[in-house]
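Have a look at the model first, then we'll take it question by question.

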Amino acid sequence: MNRRKLLKSFGAASALGTAGIFGIPLSSAKSKDSADTKGKGGASPKITKVRAILTAPYRTNLVVVKVETDQAGLYGVGCATFTQRAHSVVSAVKDYLDPFFRGRSVGNIEENWQMAYQSSYWRNGPVLNNALSGVDQALWDIKGKMAGMPVYDLLGGKTRFAVDAYGHASGKSVEEVVEDVGRFKEMGYRNIRIQLGGYGSTHLATKPSYKEAGFGMEKDRTISPQAYKQGTIDIFKAARETYGDSVELLHDMHERLQPMDAIDLLRRVEEYRPFFMEDPLSPENIGWFRKLREQTSVPIAMGELFNSPHEWLVPMSERLYDYIRIHVSQIGGITPAMKVARLGEWFNVRTAWHGPGDTSPVGHAAHCHIDLAVWNFGVQEIPIFKDVAYEVFPGMPRVEKGYIHVNEAPGLGIDIDEKAAAKYPPVEYNYNWTQVRRDDGTPVRP
Ligand code: GCO
Ligand code: MG
């Protein structure tokens, strides 16, 4: 390439902001007409390879899928992060989805989703759904790059200027929690989740009987339901007294209480007007939601553990939740998540996609594109990312005054730097936090 052409391509790239880096063939980044949506000879580009990249930049195993095509420089990325079984997802991608998708066209996202979904015959499980999500999100990324527009534009354009987020305030004491709420308010957050210690405030349960009896494992955690409930009421009371109505307060019950205790807690925090109480019950106790709904006016958020439509269809259509908290990759990606969002619109169930630290930044970008486009958006969870995340994932969404802004580039606007990712090999998954018991040693849903 002669110097003049090189300078010209740099000019073009800088004009459209680092287009080349994100796997956007300069041709499509430059012109927006549909001619570019077809590959050589007008055919839709074909998938040549599907790869899973497993990396742990902040000691959390993240799985990102890269879909490569036969069009030079055109590829897509998608989130397939199921951190508890990351290696199983990598195998599902490498051993099954890669051979399955090779040679298929990138264009027919719904058709590709349906054919892959039914290719395992048994379906709707966390491992296969996450693997499929990686490909699905990558195909939306590719379609946006070919069309020269951000994915939210493909989904119908913006319904709001940015994505209203919530942050995680916590502390081992009521005072620490109240102080941490102040820190998030300082950063401009309007919505703040409050937790006393870890989920279920297990630090409040001292000397459990089963440990004294030598039952269970040393590292097992213990929940004392009454101490947890009282601690939660105390943080709501203190935060409301300190900040009044100037802040929305959210809390995650993380499915750790028995149904009647859950009903009791929601009734006792009602006067502190929670924005929502999350996962008051486990998916296994789904039958209790009608009773819970009748007992309280506290908004309910549910769904991060859902994998199957059987778990959300009836409760959403019966208006038993106010917010759907689905983990987008756990149900198979953007394609099914858009259907869940659209379903919610008719029953006034708003979105609050699961957005913890164990969703990759690619997944967070995907959330935000959906959040920008759908009418029934509620709120978006997002952690404060460590600097290393920006090294591994160029184009990360950024948070300003509690609002999330996506990178306004074609596709999802984010990429993965594989060299940087390779510097952070996977870590052994620490499942201790899931090993929760009552005082007598009975296992409790985590
Ligand atoms: C949340 C969640 C998470 C999960 C975690 C499991 O609301 O953010 O409950 O914290 O526990 O994603 O791996
Ligand atoms: Mg949760």
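Q: Leaving aside neighbours within four places in sequence, which residues is phenylalanine 393 in contact with?
A: Before we start: this is a predicted model, where local features need pLDDT of at least 70, side-chain atom pairs count only at pLDDT 80 or more, and totals for chains, interfaces and linings use all residues. Residues are numbered from 1 along each chain as its sequence is written, chains are lettered from A and ligands numbered from 1 in the order in which they are written, and side-chain values use heavy atoms, with hydrogens and water left out. Contact here means heavy atoms within 4.5 Å. On that basis, the partners of phenylalanine 393 are Thr55, Pro57, Leu62, Val64, Pro361, Val362, Ile414, Asp415 and Ile416.

Q: How many residues does the largest nonpolar core have?
A: A nonpolar core is a set of buried (under 20% relative accessible area; exposed is over 50%, partly exposed in between; 1.4 Å probe, protein chains only) Ala, Val, Leu, Ile, Met, Phe, Trp, Tyr and Cys residues joined through side-chain atoms within 4.5 Å. Phe393 is among those with the most contacts inside the largest one, along with Val67, Trp312, Tyr321, Ile324 and Trp353. A second, separate core of eight residues includes Phe276, Tyr323, Ala352 and Val379. The count for the largest core is 119.

Q: Which protein residues are donors of the magnesium ion (ligand 2)?
A: Donors are N, O and S atoms within 2.8 Å of the metal (3.2 Å for Na, K and Ca), and water is not among the atoms, so sites may look incomplete. Along the chain, the donors follow the spacing D-x25-E-x25-E. Lying 2.1 Å from the ion, they are Asp252 (OD), Glu278 (OE) and Glu304 (OE).

Q: What is the bridge partner of aspartate 252 in S8?
A: Strands (E, at least two residues) and helices (H or I, at least four) are DSSP runs numbered from the N terminus, and two strands pair if DSSP finds at least two bridges between them. S7 and S8 run parallel, joined by three bridges. Across from aspartate 252 sits a residue with a relative accessible area of 0%, namely glutamate 278.

Q: Is asparagine 130 buried or exposed?
A: Asparagine 130 belongs to helix H5 (residues 126-147). Its side chain makes a polar contact (N or O atoms within 3.5 Å, one able to donate a hydrogen and the other to accept it; residues adjacent in sequence count only if both atoms are side-chain atoms) of 2.6 Å with that of serine 329. With a relative accessible area of 0%, asparagine 130 is buried.
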